[in-house]
Amino acid sequence: MQGMSERQYAAHVGLSRGAIQKAKAAGRLVLHEDGSIDATASDRLRAEATDPSKTRKAPAYKMKPVPEAAVSAVGDTLKEQGLAAPATGGGTTFLQAKTAHEVLKAQERRIRLAKLKGELVDRDRATALVFRLAREERDAWVNWPARVAALMAAELGTETAAMQKVLEAHVRAHLEELAQPRIAL
């Protein structure tokens, strides 16, 4: 009766060939007359002789649930690149997730490079700058009537205080108008 070779038995039990050779030399395997290994009898002998607490068991892989937001993000990324997105509720394949991951990494690198080149600006910094410029412009307009009222009053031959009040009223009305939110189409 033909049994298994050392290599075949090593693959069968998930051990190295060297470990099988050591077990064979120590007499912990059942051999046929031709020197081949009797797999069934050797498995039984190994199970009886092996301490269960010292065996290496294959790790039980537990699949973690993937949040729906992550799956939809993968789908969105794939759609942006013109690739097939996973069906809603059907989950995503490993290949789709890997493709989306690689696309996101490429996009992130492109953004980082654009920032290093100075093509992108920090949003908070830009917002603060625009706010400061708008405040300076507003202050310039608020102070404008006081600066030009005397000149205009002299040209028109009217009272300076009255001219300044009228100008201030019109400038403030105009600034109030500009402050109202406008819907851009």
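**Note on helix packing and cores**

1. Helix 1 crosses helix 3 in a right-handed sense (the near helix is turned clockwise from the far one by less than a right angle; left-handed if anticlockwise). Helices here are DSSP runs of H or I with at least four residues, and strands are E runs of at least two, numbered from the N terminus.

2. The model is predicted: local features need pLDDT of at least 70, side-chain atom pairs count only at pLDDT 80 or more, and totals for chains, interfaces and linings use all residues. Residues are numbered from 1 along each chain as its sequence is written, and side-chain values use heavy atoms, with hydrogens and water left out.

3. Helix 1 (residues 6–13) packs on helix 3 (residues 39–49) at about 50°, with the axes 12 Å apart. Axes are lines fitted to C-alpha atoms over the stretch in contact, and angles run from 0 to 180 degrees between N-to-C directions.

4. From helix 1, Y9, H12 and V13 meet A39, S42, D43 and R46 of helix 3; contact means heavy atoms within 4.5 Å.

5. The largest nonpolar core has 7 residues, Y9, A10, I20, A23, L29, I37 and A39. Helix 1 and helix 2 (17–25) each supply at least two residues of this core. A core is a set of buried Ala, Val, Leu, Ile, Met, Phe, Trp, Tyr and Cys residues joined through side-chain atoms within 4.5 Å; buried means under 20% relative accessible area with a 1.4 Å probe, protein chains only.

6. The protein chain has 7 helices and 0 strands. Of its 185 residues, 17% count as buried.

Key: Buried < 20%, exposed > 50% of the residue type's maximum accessible area, 1.4 Å probe, protein only.
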